[in-house]
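Please keep the sequence and the 3D view at hand while reading.

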Amino acid sequence: MLRTLSRVSELPIIVKQLQKNAAQSGVAKTNNYATEATVQVNRPFKLHRLEEGPETTVKLTKDEALKYYTQMQTIRRIETAAGNLYKEKIIRGFCHLYSGQEACAVGMKAAMRDVDNIISAYRVHGWTYLMGVPPLGVLGELTGVQSGCARGKGGSMHMYSPNFFGGNGIVGAQVPLGTGVALACKYKGNGGMCLALYGDGAANQGQVFEAYNMAYLWKLPVIFVCENNNYGMGTSSERASCNTDYYTRGDALPGIWVDGMDVLAVRSATEFAIKYVNEQGPLVMETNTYRYSGHSMSDPGTSYRTREEIQEVRQKRDPITSFKELCIELGLITTDEVKAIDLKVRKEVDEATALAKGGTELALSHLWTDVYSNCLEPKLRGTNGYNIDHIQERKGVNH
(Lines give C-alpha, C1' and ligand atoms only; values in the text may rest on other atoms or scores of the structure.)
Protein backbone atom coordinates (compact mmCIF):
# COMPACT_ATOMS: atom_id res chain seq x y z
CA MET A 1 0.00 0.00 0.00
CA LEU A 2 1.22 3.50 -0.78
CA ARG A 3 2.86 5.36 2.06
CA THR A 4 0.81 8.43 1.08
CA LEU A 5 -2.43 6.54 1.60
CA SER A 6 -1.85 5.88 5.30
CA ARG A 7 -4.63 8.28 6.28
CA VAL A 8 -7.10 7.34 3.55
CA SER A 9 -9.47 5.66 5.99
CA GLU A 10 -9.85 8.94 7.88
CA LEU A 11 -10.65 11.07 4.85
CA PRO A 12 -14.42 10.45 4.50
CA ILE A 13 -14.92 11.52 8.14
CA ILE A 14 -12.68 14.57 7.73
CA VAL A 15 -14.32 15.64 4.47
CA LYS A 16 -17.85 15.23 5.85
CA GLN A 17 -17.02 17.30 8.94
CA LEU A 18 -15.40 20.03 6.85
CA GLN A 19 -18.41 20.09 4.57
CA LYS A 20 -20.73 20.35 7.55
CA ASN A 21 -18.73 23.19 9.10
CA ALA A 22 -18.59 25.08 5.82
CA ALA A 23 -22.27 24.55 5.16
CA GLN A 24 -23.13 25.90 8.59
CA SER A 25 -20.91 28.95 8.77
CA GLY A 26 -19.49 29.91 5.39
CA VAL A 27 -22.28 29.91 2.82
CA ALA A 28 -23.90 32.93 1.18
CA LYS A 29 -27.38 32.24 -0.17
CA THR A 30 -29.77 33.88 -2.60
CA ASN A 31 -33.35 32.59 -2.78
CA ASN A 32 -32.35 29.57 -0.68
CA TYR A 33 -29.60 28.63 -3.15
CA ALA A 34 -25.94 29.05 -2.22
CA THR A 35 -23.99 31.46 -4.41
CA GLU A 36 -20.68 31.35 -2.53
CA ALA A 37 -19.11 29.20 0.16
CA THR A 38 -15.98 29.25 2.29
CA VAL A 39 -14.16 25.94 2.37
CA GLN A 40 -11.17 24.51 4.24
CA VAL A 41 -8.71 22.47 2.16
CA ASN A 42 -8.82 18.80 3.13
CA ARG A 43 -5.15 18.16 3.87
CA PRO A 44 -2.64 20.75 5.13
CA PHE A 45 0.08 22.09 2.88
CA LYS A 46 3.67 21.15 3.61
CA LEU A 47 6.28 23.87 3.20
CA HIS A 48 9.99 23.92 2.43
CA ARG A 49 12.01 27.12 3.01
CA LEU A 50 8.80 29.13 3.31
CA GLU A 51 7.57 30.92 6.42
CA GLU A 52 4.07 31.36 5.01
CA GLY A 53 2.13 29.20 2.61
CA PRO A 54 -1.05 29.19 0.55
CA GLU A 55 -4.43 30.07 2.00
CA THR A 56 -6.09 27.08 3.65
CA THR A 57 -9.49 28.77 3.72
CA VAL A 58 -10.74 29.43 0.21
CA LYS A 59 -13.87 30.82 -1.38
CA LEU A 60 -15.85 28.95 -3.99
CA THR A 61 -18.65 30.50 -6.02
CA LYS A 62 -21.46 28.63 -7.70
CA ASP A 63 -20.13 29.53 -11.16
CA GLU A 64 -16.69 28.24 -10.22
CA ALA A 65 -18.15 25.02 -8.85
CA LEU A 66 -20.07 24.39 -12.05
CA LYS A 67 -17.00 25.22 -14.17
CA TYR A 68 -14.54 23.03 -12.28
CA TYR A 69 -16.91 20.08 -12.16
CA THR A 70 -17.61 20.37 -15.89
CA GLN A 71 -13.92 20.60 -16.73
CA MET A 72 -12.92 17.61 -14.61
CA GLN A 73 -15.80 15.52 -15.91
CA THR A 74 -14.94 16.44 -19.51
CA ILE A 75 -11.32 15.39 -19.04
CA ARG A 76 -12.44 12.08 -17.53
CA ARG A 77 -14.80 11.42 -20.46
CA ILE A 78 -12.14 12.35 -23.04
CA GLU A 79 -9.69 9.94 -21.44
CA THR A 80 -12.29 7.17 -21.26
CA ALA A 81 -13.01 7.70 -24.97
CA ALA A 82 -9.28 7.72 -25.78
CA GLY A 83 -8.78 4.46 -23.90
CA ASN A 84 -11.62 2.82 -25.81
CA LEU A 85 -10.33 4.08 -29.16
CA TYR A 86 -6.92 2.68 -28.35
CA LYS A 87 -8.41 -0.72 -27.51
CA GLU A 88 -10.23 -0.60 -30.86
CA LYS A 89 -6.81 0.04 -32.51
CA ILE A 90 -8.04 3.33 -33.91
CA ILE A 91 -5.50 5.23 -31.82
CA ARG A 92 -2.02 3.86 -32.47
CA GLY A 93 1.35 4.35 -30.84
CA PHE A 94 1.60 5.74 -27.32
CA CYS A 95 -1.36 6.92 -25.28
CA HIS A 96 -1.02 8.14 -21.69
CA LEU A 97 -4.24 8.80 -19.78
CA TYR A 98 -4.83 11.43 -17.06
CA SER A 99 -7.78 9.76 -15.33
CA GLY A 100 -7.54 10.36 -11.59
CA GLN A 101 -5.32 13.43 -11.90
CA GLU A 102 -7.95 15.90 -13.16
CA ALA A 103 -7.87 18.13 -10.08
CA CYS A 104 -4.21 18.95 -10.72
CA ALA A 105 -4.77 20.45 -14.16
CA VAL A 106 -8.12 22.11 -13.39
CA GLY A 107 -6.81 23.62 -10.15
CA MET A 108 -3.71 25.05 -11.81
CA LYS A 109 -5.65 26.36 -14.80
CA ALA A 110 -8.11 28.10 -12.44
CA ALA A 111 -5.23 30.14 -11.02
CA MET A 112 -3.54 30.99 -14.33
CA ARG A 113 -3.80 34.44 -15.88
CA ASP A 114 -3.83 35.31 -19.59
CA VAL A 115 -0.08 36.03 -19.54
CA ASP A 116 0.83 32.68 -17.97
CA ASN A 117 2.12 29.59 -19.75
CA ILE A 118 2.29 25.85 -19.23
CA ILE A 119 4.46 23.04 -20.58
CA SER A 120 4.22 19.39 -19.63
CA ALA A 121 5.11 15.84 -20.59
CA TYR A 122 2.96 13.50 -22.66
CA ARG A 123 -0.01 13.02 -20.27
CA VAL A 124 -1.64 16.18 -21.60
CA HIS A 125 -4.95 15.43 -23.28
CA GLY A 126 -6.69 17.17 -20.39
CA TRP A 127 -4.40 20.19 -20.50
CA THR A 128 -4.95 20.51 -24.25
CA TYR A 129 -8.69 20.75 -23.64
CA LEU A 130 -8.26 23.24 -20.79
CA MET A 131 -6.05 25.46 -22.96
CA GLY A 132 -8.78 25.95 -25.53
CA VAL A 133 -8.86 22.87 -27.77
CA PRO A 134 -12.32 21.25 -27.93
CA PRO A 135 -12.73 17.50 -27.35
CA LEU A 136 -12.83 16.87 -31.10
CA GLY A 137 -9.49 18.63 -31.52
CA VAL A 138 -7.99 16.32 -28.91
CA LEU A 139 -9.56 13.06 -30.06
CA GLY A 140 -9.09 13.89 -33.74
CA GLU A 141 -5.39 14.45 -33.13
CA LEU A 142 -5.15 11.13 -31.31
CA THR A 143 -6.79 9.30 -34.23
CA GLY A 144 -4.64 11.18 -36.76
CA VAL A 145 -7.40 12.90 -38.73
CA GLN A 146 -7.81 16.43 -40.06
CA SER A 147 -10.10 17.52 -37.23
CA GLY A 148 -7.18 17.18 -34.80
CA CYS A 149 -5.65 20.31 -33.29
CA ALA A 150 -2.49 19.77 -35.40
CA ARG A 151 -4.53 18.31 -38.26
CA GLY A 152 -3.53 14.81 -37.25
CA LYS A 153 0.20 15.34 -37.74
CA GLY A 154 1.27 15.40 -34.12
CA GLY A 155 -0.61 12.80 -32.15
CA SER A 156 -0.63 12.35 -28.40
CA MET A 157 2.73 13.93 -27.62
CA HIS A 158 2.55 16.98 -29.88
CA MET A 159 -0.49 19.04 -29.01
CA TYR A 160 -0.14 22.81 -28.71
CA SER A 161 -2.22 25.96 -28.41
CA PRO A 162 -1.57 29.58 -27.40
CA ASN A 163 0.38 29.70 -24.08
CA PHE A 164 0.47 25.90 -24.08
CA PHE A 165 3.83 24.55 -25.15
CA GLY A 166 2.59 21.05 -25.38
CA GLY A 167 3.41 17.58 -24.29
CA ASN A 168 6.97 16.40 -24.75
CA GLY A 169 8.02 12.83 -25.46
CA ILE A 170 11.53 13.06 -23.99
CA VAL A 171 11.34 12.37 -20.26
CA GLY A 172 12.12 15.54 -18.32
CA ALA A 173 12.99 17.60 -21.40
CA GLN A 174 10.07 19.97 -20.84
CA VAL A 175 11.57 21.25 -17.57
CA PRO A 176 14.49 23.22 -19.11
CA LEU A 177 12.18 24.27 -21.94
CA GLY A 178 9.72 25.66 -19.41
CA THR A 179 12.59 27.47 -17.75
CA GLY A 180 13.29 29.05 -21.12
CA VAL A 181 9.66 30.14 -21.42
CA ALA A 182 10.01 31.78 -18.00
CA LEU A 183 13.18 33.52 -19.20
CA ALA A 184 11.20 34.86 -22.16
CA CYS A 185 8.54 36.20 -19.78
CA LYS A 186 11.19 37.99 -17.73
CA TYR A 187 12.94 39.28 -20.85
CA LYS A 188 9.69 40.66 -22.25
CA GLY A 189 8.63 42.05 -18.89
CA ASN A 190 5.04 40.93 -19.45
CA GLY A 191 4.47 39.73 -15.88
CA GLY A 192 3.84 36.18 -17.01
CA MET A 193 5.24 32.93 -15.65
CA CYS A 194 5.48 29.30 -16.70
CA LEU A 195 4.27 26.09 -15.10
CA ALA A 196 6.80 23.36 -15.94
CA LEU A 197 5.18 20.02 -15.18
CA TYR A 198 6.90 16.66 -14.80
CA GLY A 199 6.22 13.40 -13.01
CA ASP A 200 7.89 11.64 -10.11
CA GLY A 201 9.55 9.34 -12.65
CA ALA A 202 11.25 12.28 -14.36
CA ALA A 203 12.19 13.93 -11.06
CA ASN A 204 15.57 12.18 -10.98
CA GLN A 205 16.65 13.54 -14.37
CA GLY A 206 19.82 15.61 -14.27
CA GLN A 207 18.37 18.29 -16.53
CA VAL A 208 15.67 18.96 -13.93
CA PHE A 209 18.30 19.99 -11.37
CA GLU A 210 20.21 22.00 -13.96
CA ALA A 211 17.01 23.90 -14.67
CA TYR A 212 16.45 24.45 -10.93
CA ASN A 213 19.93 25.92 -10.61
CA MET A 214 19.72 28.24 -13.59
CA ALA A 215 16.22 29.43 -12.68
CA TYR A 216 17.35 30.21 -9.14
CA LEU A 217 20.42 32.15 -10.23
CA TRP A 218 18.42 34.21 -12.70
CA LYS A 219 15.32 34.50 -10.46
CA LEU A 220 13.04 33.28 -13.22
CA PRO A 221 9.24 33.19 -12.84
CA VAL A 222 8.81 29.43 -13.14
CA ILE A 223 6.86 26.96 -11.01
CA PHE A 224 8.39 23.50 -11.22
CA VAL A 225 5.42 21.18 -10.68
CA CYS A 226 6.06 17.54 -9.83
CA GLU A 227 2.80 15.67 -10.48
CA ASN A 228 3.57 12.79 -8.15
CA ASN A 229 1.19 9.96 -9.02
CA ASN A 230 3.42 7.64 -6.97
CA TYR A 231 4.56 5.48 -9.87
CA GLY A 232 7.16 6.20 -12.54
CA MET A 233 6.07 3.77 -15.25
CA GLY A 234 5.97 0.50 -13.25
CA THR A 235 8.18 1.54 -10.36
CA SER A 236 6.89 3.01 -7.11
CA SER A 237 8.45 6.27 -6.00
CA GLU A 238 9.87 4.63 -2.87
CA ARG A 239 11.87 2.19 -5.00
CA ALA A 240 13.12 4.84 -7.41
CA SER A 241 13.94 7.87 -5.22
CA CYS A 242 15.99 8.22 -2.04
CA ASN A 243 13.94 11.32 -1.20
CA THR A 244 10.25 11.12 -2.05
CA ASP A 245 9.50 14.58 -0.64
CA TYR A 246 9.75 16.04 -4.11
CA TYR A 247 8.78 19.52 -2.98
CA THR A 248 12.06 19.70 -1.01
CA ARG A 249 14.32 18.59 -3.82
CA GLY A 250 14.99 22.05 -5.18
CA ASP A 251 17.50 22.51 -2.32
CA ALA A 252 17.69 26.32 -2.16
CA LEU A 253 14.37 26.63 -3.98
CA PRO A 254 11.31 26.84 -1.71
CA GLY A 255 8.67 24.17 -2.09
CA ILE A 256 5.02 23.33 -1.40
CA TRP A 257 3.33 19.96 -1.04
CA VAL A 258 -0.34 19.96 -1.99
CA ASP A 259 -3.07 17.34 -2.13
CA GLY A 260 -3.43 16.87 -5.87
CA MET A 261 -6.84 15.23 -5.45
CA ASP A 262 -8.32 18.48 -4.09
CA VAL A 263 -8.97 20.98 -6.87
CA LEU A 264 -9.38 23.89 -4.44
CA ALA A 265 -6.11 23.11 -2.66
CA VAL A 266 -4.29 23.01 -6.01
CA ARG A 267 -5.86 26.32 -7.03
CA SER A 268 -4.86 27.98 -3.75
CA ALA A 269 -1.30 26.66 -3.94
CA THR A 270 -0.93 27.78 -7.56
CA GLU A 271 -2.24 31.28 -6.79
CA PHE A 272 0.34 31.56 -4.01
CA ALA A 273 3.09 30.19 -6.24
CA ILE A 274 2.33 32.57 -9.12
CA LYS A 275 2.64 35.56 -6.83
CA TYR A 276 5.82 34.19 -5.29
CA VAL A 277 7.70 33.41 -8.52
CA ASN A 278 6.89 36.82 -9.98
CA GLU A 279 8.35 38.51 -6.91
CA GLN A 280 11.06 36.14 -5.66
CA GLY A 281 11.96 33.58 -8.32
CA PRO A 282 11.38 29.85 -8.86
CA LEU A 283 9.47 27.48 -6.61
CA VAL A 284 8.87 23.72 -6.58
CA MET A 285 5.31 22.45 -6.11
CA GLU A 286 4.46 18.78 -5.61
CA THR A 287 0.90 17.69 -6.30
CA ASN A 288 0.31 14.30 -4.72
CA THR A 289 -2.11 12.47 -6.98
CA TYR A 290 -2.90 9.07 -8.49
CA ARG A 291 -3.46 7.63 -11.95
CA TYR A 292 -6.10 4.96 -12.40
CA SER A 293 -4.74 3.57 -15.66
CA GLY A 294 -1.32 2.15 -16.35
CA HIS A 295 1.59 4.37 -17.31
CA SER A 296 0.44 4.06 -20.91
CA MET A 297 -2.21 1.97 -22.62
CA SER A 298 0.31 -0.82 -23.11
CA ASP A 299 0.69 -1.11 -19.32
CA PRO A 300 -2.14 -2.97 -17.55
CA GLY A 301 -1.18 -1.13 -14.35
CA THR A 302 -1.74 -4.09 -12.05
CA SER A 303 1.58 -5.94 -12.10
CA TYR A 304 3.18 -3.53 -9.61
CA ARG A 305 0.10 -2.55 -7.57
CA THR A 306 -3.07 -4.32 -6.59
CA ARG A 307 -6.54 -3.82 -8.01
CA GLU A 308 -7.70 -3.28 -4.45
CA GLU A 309 -5.35 -0.30 -4.08
CA ILE A 310 -6.73 1.32 -7.21
CA GLN A 311 -10.30 0.69 -6.13
CA GLU A 312 -9.68 2.15 -2.68
CA VAL A 313 -8.39 5.41 -4.16
CA ARG A 314 -11.36 5.55 -6.54
CA GLN A 315 -13.78 5.11 -3.66
CA LYS A 316 -12.16 7.39 -1.10
CA ARG A 317 -10.07 10.01 -2.91
CA ASP A 318 -11.54 10.44 -6.39
CA PRO A 319 -11.19 14.16 -7.20
CA ILE A 320 -14.42 14.45 -9.16
CA THR A 321 -16.66 12.54 -6.77
CA SER A 322 -15.21 14.34 -3.74
CA PHE A 323 -15.72 17.75 -5.31
CA LYS A 324 -19.23 16.92 -6.46
CA GLU A 325 -20.27 15.75 -3.00
CA LEU A 326 -18.73 18.85 -1.40
CA CYS A 327 -20.59 21.20 -3.75
CA ILE A 328 -23.90 19.41 -3.22
CA GLU A 329 -23.40 19.51 0.56
CA LEU A 330 -22.69 23.25 0.38
CA GLY A 331 -25.75 23.84 -1.80
CA LEU A 332 -23.68 25.26 -4.65
CA ILE A 333 -24.78 22.57 -7.10
CA THR A 334 -27.97 20.53 -7.16
CA THR A 335 -28.20 16.89 -8.15
CA ASP A 336 -30.25 17.96 -11.18
CA GLU A 337 -27.46 20.29 -12.30
CA VAL A 338 -24.94 17.48 -11.90
CA LYS A 339 -27.07 15.21 -14.07
CA ALA A 340 -27.45 17.94 -16.69
CA ILE A 341 -23.69 18.50 -16.82
CA ASP A 342 -22.99 14.78 -17.04
CA LEU A 343 -25.43 14.40 -19.93
CA LYS A 344 -24.05 17.42 -21.78
CA VAL A 345 -20.44 16.30 -21.37
CA ARG A 346 -21.24 12.75 -22.43
CA LYS A 347 -23.08 13.99 -25.53
CA GLU A 348 -20.25 16.33 -26.53
CA VAL A 349 -17.53 13.73 -26.09
CA ASP A 350 -19.55 10.96 -27.74
CA GLU A 351 -20.16 13.17 -30.78
CA ALA A 352 -16.47 14.10 -30.90
CA THR A 353 -15.54 10.43 -30.66
CA ALA A 354 -17.78 9.54 -33.60
CA LEU A 355 -16.29 12.32 -35.73
CA ALA A 356 -12.75 11.35 -34.76
CA LYS A 357 -13.44 7.74 -35.73
CA GLY A 358 -14.98 8.72 -39.06
CA GLY A 359 -12.57 11.51 -39.98
CA THR A 360 -10.14 11.48 -42.89
CA GLU A 361 -6.39 11.82 -42.85
CA LEU A 362 -4.56 14.62 -44.62
CA ALA A 363 -3.41 13.98 -48.16
CA LEU A 364 0.27 13.15 -48.49
CA SER A 365 1.06 16.58 -49.94
CA HIS A 366 0.04 18.25 -46.68
CA LEU A 367 2.65 16.45 -44.60
CA TRP A 368 5.34 19.02 -45.37
CA THR A 369 3.20 22.14 -44.95
CA ASP A 370 3.63 24.44 -41.95
CA VAL A 371 7.03 23.01 -41.06
CA TYR A 372 8.19 26.47 -39.97
CA SER A 373 6.12 28.94 -38.01
CA ASN A 374 7.80 31.84 -39.77
CA CYS A 375 9.20 30.71 -43.10
CA LEU A 376 12.37 32.64 -43.95
CA GLU A 377 13.30 30.49 -46.95
CA PRO A 378 11.15 29.26 -49.84
CA LYS A 379 12.40 25.66 -49.66
CA LEU A 380 12.42 23.10 -46.88
CA ARG A 381 15.90 22.65 -45.51
CA GLY A 382 17.48 19.21 -45.25
CA THR A 383 15.52 17.68 -48.14
CA ASN A 384 18.36 17.44 -50.64
CA GLY A 385 17.25 15.99 -53.93
CA TYR A 386 13.57 16.59 -53.31
CA ASN A 387 13.36 20.37 -53.88
CA ILE A 388 10.22 20.83 -51.75
CA ASP A 389 8.58 24.23 -51.49
CA HIS A 390 7.48 25.33 -48.06
CA ILE A 391 3.76 26.03 -47.92
CA GLN A 392 2.04 27.75 -45.03
CA GLU A 393 -1.58 26.76 -44.57
CA ARG A 394 -1.94 27.79 -40.89
CA LYS A 395 -5.06 25.74 -40.28
CA GLY A 396 -4.04 24.09 -37.03
CA VAL A 397 -5.16 25.36 -33.62
CA ASN A 398 -1.57 26.34 -32.82
CA HIS A 399 -1.61 28.84 -35.70
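The sections below treat the basis of the model, its domains, a strand, a helix, salt bridges and a loop residue.

## Basis of the model

The structure is a predicted model, in which local features need pLDDT of at least 70 and side-chain atom pairs count only at pLDDT 80 or more, while totals for chains, interfaces and linings use all residues. Residues are numbered from 1 along each chain as its sequence is written, and side-chain values use heavy atoms, with hydrogens and water left out.

Eight residues of domain 1 are in contact with nine residues of domain 2, where contact means heavy atoms within 4.5 Å.

The size of an interface is often given as the accessible area lost when the parts come together. Here domain 1 and domain 2 bury about 740 Å² between them, and 59% of this area is on carbon and sulfur atoms. Buried area is the accessible area (1.4 Å probe) that two parts lose on being put together, summed over both. In domain 1, the residues that lose the most area to domain 2 are Arg 151, Lys 153 and Leu 362, together 63% of what that side buries.

One salt bridge is found across this interface, a salt bridge being a side-chain nitrogen of Lys or Arg within 4 Å of a carboxyl oxygen of Asp or Glu. Glu 393 forms a salt bridge with Arg 151, with the closest N and O atoms 2.6 Å apart. Arg 151 lies in the loop between α5 and α6 (174–188), and Glu 393 in the segment after α12, 242 residues apart. Arg 151 is buried, at 9% relative accessible area, whereas Glu 393 is partly exposed, at 22%. Buried means under 20% relative accessible area, exposed over 50%, and partly exposed in between (1.4 Å probe, protein chains only).

Helices (H or I, at least four residues) and strands (E, at least two) are DSSP runs, numbered from the N terminus. Seven of the seven residues of strand β7 (residues 222–228) are buried, so the strand is largely enclosed by the rest of the structure. In a regular strand the side chains alternate between the two faces of the sheet. Both faces of β7 are covered: Val 222, Phe 224, Cys 226 and Asn 228 are buried on one side, and Ile 223, Val 225 and Glu 227 on the other.

Strand β6 (residues 194–199) pairs with β7 in the parallel sense over six bridges; two strands pair if DSSP finds at least two bridges between them. Gly 199 has Glu 227 in β7 as its bridge partner. From β6 the chain passes through helix α7 (residues 206–218) to β7, in a right-handed β-α-β crossover. Right-handed means that, with the strands pointing away from the viewer, the path from the first strand over the helix to the second runs clockwise. Strand β11 (residues 283–288) runs parallel to β7 and is joined to β7 by six bridges, with Thr 287 standing opposite Glu 227.

## Helix α5

Helix α5 (residues 135–143) is mostly covered, with eight of its nine residues buried. Among them are Pro 135, Val 138, Leu 139 and Leu 142. The cover over the buried residues includes α2 (62–87), α4 (125–130) and α12 (335–358). Gly 144 follows α5 and has a positive phi, near 80 degrees.

## Further salt bridges

The rule gives a count of 16 salt bridges. In one of these, the side chains of Glu 102 and Arg 76 meet at 2.5 Å, N to O. Glu 102 belongs to helix α3 (residues 102–111) and Arg 76 to helix α2, so the pair ties together parts that are 26 residues apart in sequence. Glu 102 is buried at 0% relative accessibility, and Arg 76 is buried at 14%.

Asp 350 and Arg 77 form a salt bridge at 3.8 Å, N to O. This pair links helix α12, which holds Asp 350, to helix α2, which holds Arg 77, across 273 residues. Arg 43, Asp 259 and Arg 317 are linked in a network of salt bridges.

## A buried loop residue

Asp 299 lies in the loop between β11 and α10 (307–317) and is buried, with a relative accessible area of 15%. Not counting residues up to four places away in sequence, Asp 299 touches Met 233, Arg 291, Gly 294 and Tyr 304.
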